[in-house]
Amino acid sequence: MAGATSVVAVTWVTRLAGLLALVSVLVPAGRRTLRGRVAEWLELPHEATVGAATVALVTGVLLVLLAAGLKRRKRRAWQLAVAAAALLTVSHLGLRHVLGPGLVSLALLIALIATRRYFIALPDPVTGRWRAVRVFLQLTLAGVAINFVLLSVARAVEPLDVGDRLAQSVLALVGVSGPAVFRALWLEDLSAAVGVLFGIAAVLPAAYFLLRSAEPAPELTDDEIGRLRALLDERDSLGYFALRRDKFVVFSKSGKAAVTYRVIAGVALCSADPLGDPEAWPGAIEEYLDVCRRYAWTPATMGCSELGATVWARFGLEVLEIGDEAVVDTETFTLEGRVMRGVRQAVSRTKRAGYTVRVRKAEDLSPGELDELRALAATWRGTDTERGFSMALGRMGDPGSVLVTAEHDGRVRGVLQFVPWGEKDLSMDVMRRDRTADNGINELMISELLLTTPARHVSLNFAAFRAVLEQGQRIGAGPVARLSARTLRFFSRWIQIETLYRFNAKFQPRWVPRYLAYPAARDLPRVGIAVFEAEGLGGRPSGLLRALRRI
């Protein structure tokens with residue numbers, strides 16, 4: 001109830017701040033004091049004052065438009081409103097309205113920050129080309145309307161009839177002088193600045209929406225997931241991750257194979273191998289490539305096996321080895337021996353500290369226990385972005401998955417989730433722990449699973465560019481190998497590259513190479529952006545995307 005009241009209050013304050021910004025510039029009383037006391041104290045030039053007035057006008061309109069998104073608790077509307085409120089507060093320093101509209105905009109900024117936890121709604125789906133038309137018309141009409149009102153109420157301009165005022169307002173959008181004769185330079189500058197600013201603001205976002213590659217919101221249906229489940233087998237350890245909801249799927253005409261993908265930055269990105277009978281893969285790939293051609297998407301797949309890479313190469317795609325998957329054979333796994341000393345010590349240390357491990361199937365947990373583990377995993381994630389695409393399911397508790405928990409003093413301090421790999425084996429999906437828990441808790445959970453599971457093979461994390469790191473450390477490695485390994489270690493400060501490799505290597509796995517398939521070298525930058533964005537590691541600047549999608 002308190003949250004709903006706060007949202008309503010912030011919405012109305014946003015509208016008030018926007019309207020006051022417009023009134024402060026458009027109303028004659030406000031214009032007469034355009035170069036007010038604050039401007040004089042700061043010794044602002046004439047152009048700065050006109051610029052402040054222009055910013056106040058545009059920001060005022062933006063706040064009025066954003067109020068609708070704030071009412072719906074849109075996160076992106078909140079982020080833009082914060083930026084607009086801060087900009088509006090600063091712009092009022094160039095006017096005399098610090099004690100009026102300036103205080104209201106400052107109060108709005110404080111209120112938005114104080115209520116940020118209530119604005120959590122995701123953005124609306126992309127509406128395509130019609131959105132470009134809507135954005136263009138909204139901003140164009142706003143610019144014409146503001147200039148028309150400005151010319152109608154201003155005394156520093158020769159009298160104009162309705163047609164001349166409209167012509168002046170329209171021509172100002174493209175920076176052309178109209179029939180108006182101004183008596184004051186500041187008004188002429190302001191009218192021209194408003195027109196050009198709204199003209200640019202109308203054209204650029206509209207062009208972006210019109211020309212950009214479509215990014216439809218994907219979601220597998222229950223029927224599609226059922227068909228995909230029927231195609232799962234023991235061949236690919238990453239096959240189960242094709243059941244992520246945020247994907248599209250195309251099936252071969254025979255229905256014996258399928259390709260799942262997501263569209264990011266104009267790239268239709270697949271993960272792992274196609275599902276189903278390898279002999280039917282070409283049929284599914286042909287259907288997928290036909291969709292890519294239809295929408296001018298760049299085809300690419302990441303994390304495919306050597307067999308999958310061979311099939312993709314037959315369709316003209318280039319193949320690049322990007323790392324290795326760590327697979328442990330449980331029948332030979334042991335904590336004994338010199339090479340396992342580090343893991344053995346970590347396990348012994350955490351056991352002495354009082355940690356216990358429970359290994360259970362998801363269907364053996366109550367709904368309340370699953371909800372608790374989901375909440376803890378989200379809390380321990382350590383980033384606002386859910387990372388993972390090729391080796392992450394994006395949800396917990398699927399039937400057949402195995403959950404491993406480490407408990408201490410009756411509290412869960414760590415959780416792992418493994419999803420099915422065929423009928424008997426497992427693939428790691430989630431690995432989270434309480435940051436205040438003792439080091440070694442992950443080693444304890446993984447070791448207990450490997451020692452007790454009936455699965456013959458367990459797939460652990462993917463180690464990106466493992467071979468490059470390993471070659472760079474060998475005696476006699478060449479300068480290129482050493483430089484490549486040093487570069488990867490540098491980027492490991494922000495992205496877990498070397499860390500994951502060394503962690504996986506503790507369990508003495510066998511390394512299974514994984515590949516990236518892409519059309520040509522010129523497509524690698526775009527494909528790289530799509531991969532990073534899909535995995536939650538970066539990609540296109542999120543601030544720019546939020547601004548353009550919200551306009």
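Contact here means heavy atoms within 4.5 Å. The structure is a predicted model, in which local features need pLDDT of at least 70, side-chain atom pairs count only at pLDDT 80 or more, and totals for chains, interfaces and linings use all residues. Residues are numbered from 1 along each chain as its sequence is written, and side-chain values use heavy atoms, with hydrogens and water left out.

Not counting residues up to four places away in sequence, A280 touches S252, S254, K256 and A257. A280 sits in the loop between strand 4 (275-276) and helix 11; helices (H or I, at least four residues) and strands (E, at least two) are DSSP runs, numbered from the N terminus. The relative accessible area of A280 is 11%, which makes this residue buried, a word used for values under 20%, with exposed for those over 50% and partly exposed in between (1.4 Å probe, protein chains only). A280 and K253 are 27 residues apart in sequence, and their C-alpha atoms are 9.2 Å apart in space.

Turning to the chain as a whole, its secondary structure comes to 20 helices and 12 strands. Of its 551 residues, 49% count as buried. Among contacts in the chain with a separation of 6 or more, 73% are between residues 24 or more positions apart.

In helix 8 (residues 162-172), the residues R165, Q168, S169 and A172 are buried. Viewed down the axis of helix 8, these buried residues fall within an arc of 95 degrees, so they line one face of the helix; the arc is that of the directions from the helix axis to the C-beta atoms. The N-terminal end of helix 8 is capped by D161, with a side-chain oxygen 3.3 Å from the backbone nitrogen of G163. In helix 19 (residues 524-534), V527, A530, V531 and A534 are buried. Down the axis of helix 19, the buried residues fall within an arc of 100 degrees and so line one face of the helix. The buried residues of helix 19 pack against strand 2 (257-264), strand 3 (267-271), strand 5 (298-304) and strand 12 (510-518).

Helix pairs come next. Two packed helices are described by the angle between their axes and the distance between the axes. The axes are lines fitted to C-alpha atoms, for helices over the stretch in contact, and angles run from 0 to 180 degrees between N-to-C directions. Helix 11 (residues 281-295) packs with helix 12 (residues 306-314) at an angle of about 55 degrees, their axes being 11 Å apart. Helix 11 is therefore oblique to helix 12; angles under 35 degrees count as roughly parallel, over 145 as roughly antiparallel, 65 to 115 as roughly perpendicular and the rest as oblique. In this pair, W281, I285 and Y288 of helix 11 meet L307, G308, V311 and W312 of helix 12.

For helix 13 (residues 341-352) and helix 15 (residues 441-452), the axes come within 8 Å and cross at roughly 100 degrees. Helix 13 is therefore roughly perpendicular to helix 15. Here V343, A346, V347, T350 and K351 of helix 13 meet I441, E443, L444, S447 and E448 of helix 15. Q345 also belongs to helix 13 and, at 42% relative accessibility, counts as partly exposed.

E325, in strand 6 (residues 318-329), has a relative accessibility of 1% and counts as buried. Its side chain is joined to that of S237 by a polar contact of 2.4 Å and makes another with the side chain of R514 at 2.9 Å. A polar contact is a pair of N or O atoms within 3.5 Å; within protein, one must be able to donate a hydrogen and the other to accept it, and residues adjacent in sequence count only if both atoms are side-chain atoms. Leaving out residues up to four places away in sequence, the residues that E325 touches include L238, M391, F462 and W511.

Most residues other than glycine have a negative phi. A272, in the loop between strand 3 and strand 4, has a positive phi of about 60 degrees and is buried, with a relative accessible area of 3%. Q508, in the loop between helix 18 (498-505) and strand 12, has a positive phi near 50 degrees and counts as partly exposed at 46% relative accessibility.
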